[in-house]
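Here are my notes for a colleague who is opening this structure for the first time. Please read them with the model on screen.

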Amino acid sequence: MSSDFFSGSDFPTVVIARADIAAPRYGQLTYTSFDRPSVGRGQALGGWQVKDLAGDLDENEQEVVRAGVNTRLETVVAPPQFPTQEQIDSRPRRLHYGPLPAGAVAYWHSTPAGSDASGRPGNVFVHALVDRTPDLPPLRRPISLWHSTGWLTPYGADVVAGSTLRATADFPEGKSVALSQIVNFVLDPEVWRIGVLCVLLDAVNHAMHHGGTVILGVEDPDRGAQWIGAVSALMPSSAASHFYFSTYERRPSAEDIDALNAHVVCVPVEDLADLELPENTVVLSEVETPSLGELGSADGSNSESHRTERNAEVQVSEWSVLAQTVLLDAETALGALGKLDEIAKTDPVRGAEIAWPLAALVSENNSFSDAHIEARRVLDGAPKPLRRIQLPEPAAALAVSVARAPGHVPGATESGEPNLHNILAMPISTSVEIDARWTAFLRFVRNNPGWSMGSGTQLKLFGNFESQPSRRLLEDVQKTAEDFFDRLEGKDSPAESDTPFLVEVEILRFADLIMHSGLVDDAIVNVVQKLVDLAVVPLLLDDSVAPQFVRDVLSVEAPLRALLRSCITDGTGAAYFVSRPLGRRVPKAVIEWMLLVDDLPTDGSIRENAEVVAESSVALASDLVLRRLDNSDEHDLNGWGQFVPQALWRVLWEAHNGGFVVGDASKVLTSTHLPDEDLEELVWRFPGIIPPRFLQRIVLSHTGDQGSVDLALSAAHVLTTQADTRRDGSVIVTPPNQRKDDCAVAWARLRSTGRWAEFGAELQFEVTRMRPALVDFCRMNAAEIAALTGDMVDRMMLLLFASRWSRDRYAAPFVPFVGAAQVDALRRSVLGSSGYVSANITELITSRIIDREWLLATVMLMTSGAPGSKRRKADVLTRVGLGSDDGNGLLESVAGKSLSDLQGFDREGPSPIADMFRDEIRRRRFVDSQAVIDQYRPHAWSWLDHLAAAAYESKENQMLSKLWIGKRKR
């Protein structure tokens with residue numbers, strides 16, 4: 001069977017509800033290190049950057065795609081310096097497939113690209129593909145793009161610089177994961193892979209339903225792709241589009257694994273032993289032989305979990321049992337698995353379940369009778385098809401047509417009565433004449449279906465009713481309104497009529513006319529509201545007909561607009577309104593038609609009376625703002641930008657009060673129309689609802705003025721005080737991202753930290769809580785680091801220092817990789833004029849919160865043995881300026897002061913430093929203690945002398961500095 005099993009066809013263009021503009025389904029981005037010519041300056045702008053774009057990726061899409069870019073692609077075997085073309089073609093590659101906001105997905109394809117334009121080796125070329133609507137046809141299994149010829153894979157600086165994206169994305173499927181190859185891989189007679197596959201399937205099943213990640217050790221990336229292909233082949237394409245993976249990662253940290261948002265992460269078998277794993281992770285190797293479990297009975301009794309060689313337990317599911325049943329031989333497997341997508345199409349809802357199509361196939365084939373019980377469990381346990389929420393249908397059938405005489409023309413009478421033009425010409429000098437004209441008009445409406453077609457502007461000529469209408473006229477109005485109920489009962493079905501919504505249009509125009517004129521009392525308002533509820537509200541909430549319907553109606557006046565808003569939010573439409581999230585409740589055209597800015601009781605401020613947020617007009621304005629934000633860029637709000645804060649207020653009010661389906665508020669939380677002050681104010685009002693990550697930008701930056709500083713500190717305070725607030729699981733206003741939330745809270749704790757010695761014995765605990773901020777800092781690019789304020793970089797320097805101590809003393813996680821941009825910023829902090837770093841480090845040592853034994857060993861290990869002897873690779877503390885190449889840095893000075901009591905020891909005996917160093921090194925688990933002790937023992941006395949001299953020189957420099965300052969003052 002060919003790779004068509006995995007496919008759709010060429011990438012289509014889809015219509016996205018963004019100002020009704022046809023947008024391509026797919027967007028592309030490339031990212032690498034290269035030199036970009038700077039127009040007009042004769043220089044190159046080099047380094048890691050986006051190289052090329054295609055498919056109309058907006059700024060938000062570009063940002064989330066860049067966040068998923070990984071420029072590390074370290075191979076197990078070092079590549080040759082001068083590879084042949086064959087070696088270039090066989091480079092390892094990585095394909096990461098993961099989710100994006102708003103239901104989109106992305107593929108990040110990475111390959112080594114040799115040296116960049118500056119000659120630095122290790123360049124990586126990342127080609128990203130965004131699928132905005134992965135659940136629409138044509139569906140494909142994402143792994144089918146492995147080794148696709150559509151990916152750009154340049155090698156060498158010149159080829160990288162010349163690579164460009166094609167205007168039309170055309171990604172043929174790779175040939176290495178065709179169904180026939182996958183079946184041959186799984187059923188290879190030389191290697192028994194069914195055992196690993198069963199455990200992998202059940203671990204993936206758990207991860208896709210309950211969260212978690214499967215770490216799969218593989219011998220090379222192509223093997224990883226085969227395993228991912230095997231899992232994908234056993235589920236339908238509609239489910240595979242939600243199966244996220246990475247085919248190749250080297251030594252990922254726990255934070256890296258969380259950031260991937262993948263169900264399966266493949267790593268080299270060699271890396272499995274050294275991984276730092278997050279919770280809810282299963283580790284499995286393709287070369288192990290796991291112990292397979294038993295499914296047991298339906299109530300869970302007599303079951304036994306799989307057990308891996310690392311003693312992890314994986315619960316057995318029906319899916320792996322069904323898989324074993326169809327994987328009898330290659331011919332049987334090919335025939336069965338090739339039918340899964342067709343079976344899924346027979347029931348799109350249940351067909352999107354992971355195991356449902358396979359269960360349906362097994363249950364209908366007597367050759368697979370051994371697994372009929374397991375198949376029936378899946379079929380009986382699958383959720384029933386979801387149904388769209390429908391509004392109540394009219395009580396009577398709407399199938400009888402209204403009888404009309406041949407040649408009937410709307411607006412003309414059949415019995416010689418005056419037409420609409422003649423009625424408008426009737427005299428209205430007295431109240432009696434006014435009543436007479438209205439009576440004639442109402443009789444005309446009842447007798448002439450179609451009376452309002454094309455007459456919308458004429459009806460305004462009736463004007464307002466200035467005198468008190470007679471009781472007889474009010475009764476006539478009510479009679480006319482009730483007459484529309486009879487017309488609704490006799491209405492043609494929409495499919496059988498050339499004017500399917502004629503009656504509904506006339507109802508609205510009639511209601512508009514009498515409510516604008518003032519011809520109403522309570523009885524009339526009630527009957528009009530019932531008419532609107534029954535006939536009009538269902539149309540206004542139907543995306544397929546609403547835009548055309550409101551265009552047919554034309555504009556309506558303020559009283560009817562208010563009635564319509566009330567019907568939708570509080571009347572018949574209320575149940576539908578609260579069952580959908582803001583931004584997806586009422587069609588955009590309908591809101592714009594029945595809600596003008598002048599109708600709103602507010603200017604969009606969140607500091608209005610608290611009752612304003614509950615009003616129907618505010619609810620609809622918020623729905624419109626979120627819909628505009630979701631389907632367009634920030635510049636397409638057309639005057640509604642000022643209502644963004646109030647839209648967020650409404651979202652949070654609904655989440656807090658309950659009774660509403662709360663949707664994704666990510667776009668409004670990140671909108672440029674949302675002032676930081678308003679966001680921070682709403683966080684205080686609604687504690688525990690807004691995810692912390694949306695306040696990180698306030699915590700990290702301020703302009704230097706006192707108001708900006710106070711806002712940053714206040715945001716940090718609210719995040720730290722609300723960090724442990726328990727969030728109701730049903731109140732989710734954005735897709736969850738615990739890693740980014742933890743990161744924001746960590747930055748807030750760092751911002752709130754003044755004197756580090758105040759932590760006392762809790763220092764290690766606080767360092768652990770702030771670690772996500774350190775990891776985030778180490779992932780920042782140069783521009784992001786440059787945007788940090790100096791006081792935050794000072795605090796980050798203290799966190800790095802304390803993290804190093806925490807690693808050595810408490811075996812905490814290793815300090816993340818610190819790049820050149822990070823080193824430059826931290827070095828400026830250490831050597832700058834604020835004194836924050838030196839003062840706090842000195843106080844931590846002198847107060848013995850960080851012990852001098854650790855400091856002594858750390859200072860000595862920054863050299864290769866003797867004082868001033870450089871290590872082959874500089875220690876990170878030396879690189880950031882805490883230590884120095886000549887051994888006279890800040891840490892050496894502080895260490896010398898802390899050891900001043902050791903100066904009186906007899907030089908003929910053993911050095912006290914040697915004992916302290918030996919005891920400290922033996923406490924550190926990650927070094928060969930005896931070899932290190934032997935290396936540094938001969939230099940113990942020279943270290944004592946050197947540190948004493950460093951302390952003395954530091955004290956002398958301080959005295960000279962004070963003297964110089966004194967002279968300056970004189």
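1. Start with helix H13, residues 372-381, in this predicted model. Its buried residues are Glu374, Ala375, Val378 and Leu379. These cover an arc of only 135 degrees around the axis, so they sit on the same side of H13. The face turned away from that buried side carries exposed residues: Ile373, Asp380 and Gly381. What lies over the buried residues of H13? The cover includes helix H9 (318-326) and helix H12 (356-363).

2. Now look at Phe368, in the loop between H12 and H13. Phe368 has a relative accessibility of 4%, so it counts as buried. Set aside its neighbours within four places in sequence. Phe368 is then in contact with Thr325, Val326, Leu328, Thr332, Leu361 and Val362. Take Leu328 from that list. Phe368 and Leu328 are 40 residues apart along the chain, and their C-alpha atoms are separated by 9.9 Å.

3. Which residues of H28 are buried? They are Ser708, Leu711, Ala712, Ala715, Ala716, Val718, Leu719 and Gln722. Viewed down the axis of H28, they fall within an arc of 165 degrees, so they line one face of the helix. These buried residues pack against three helices: H26 (676-685), H27 (696-700) and H29 (738-752).

4. Next, the cavities. Rolling a probe the size of a water molecule over the atoms shows where empty space is left. How many cavities of 30 Å³ or more does the structure hold? There are five.

5. The largest cavity has a volume of about 70 Å³. Its lining is made up of Arg25, Tyr26, Tyr97, Val105, Tyr107, Asp131, Pro134, Pro138, Leu139, Arg140, Pro142 and Ser241. By type, the lining of the largest cavity divides into eight nonpolar residues, one polar and three charged.

6. The second largest cavity holds about 50 Å³ of space. Leu179, Ile182, Val183, Val186, Leu197, Ala230, Ala233, Leu234, Leu327 and Leu337 line it. Two elements give two or more residues to this lining: helix H4 (179-186) and helix H6 (221-233). H4 gives the most, with four residues. How does the lining of the second largest cavity divide by type? It has ten nonpolar residues, no polar and no charged.

7. Stay with H6 for a moment. Ser232 is in this helix. Is Ser232 buried or exposed? Its relative accessibility is 1%, so Ser232 counts as buried. Not counting residues up to four places away in sequence, Ser232 touches Arg141, Ile143 and Phe243.

8. Ala178 is in the loop between helix H3 (157-162) and H4. Ala178 has a relative accessible area of 7%, and is therefore buried. Ala178 and Ser144 are 34 residues apart in sequence, and 7.5 Å apart in space, C-alpha to C-alpha.

9. Two backbone angles deserve a look. Phi of Arg251 is near 40 degrees, a positive value in a residue other than glycine. Arg251 lies in the loop between strand S11 (245-246) and helix H8 (254-260). With a relative accessible area of 41%, Arg251 is partly exposed.

10. Where is Leu554? It is in the loop between helix H19 (546-553) and helix H20 (558-570). Leu554 is partly exposed, at 42% relative accessible area.

11. Last, the whole chain. The protein chain has 40 helices and 15 strands. Of its 970 residues, 51% count as buried. Consider the contacts between residues at least 6 apart in sequence: 72% of them join residues at least 24 apart.

Notes:
Residues numbered from 1 in each chain as written. Predicted model: local features only at pLDDT ≥ 70, side-chain atom pairs only at ≥ 80, totals over all residues. Heavy atoms only, no water. 1 Å grid on protein atoms, 1.4 Å probe; cavity = no way out; pocket = protein on both sides within 12 Å on 5 of 7 lines; lining within 4 Å. Points joined across faces, edges and corners; volume = space filled by probe spheres on them. Nonpolar A, V, L, I, M, F, W, Y, C, P; charged D, E, K, R; others polar. Buried < 20%, exposed > 50% of the residue type's maximum accessible area, 1.4 Å probe, protein only. Arc of directions from axis to C-beta. Contact = heavy atoms within 4.5 Å.
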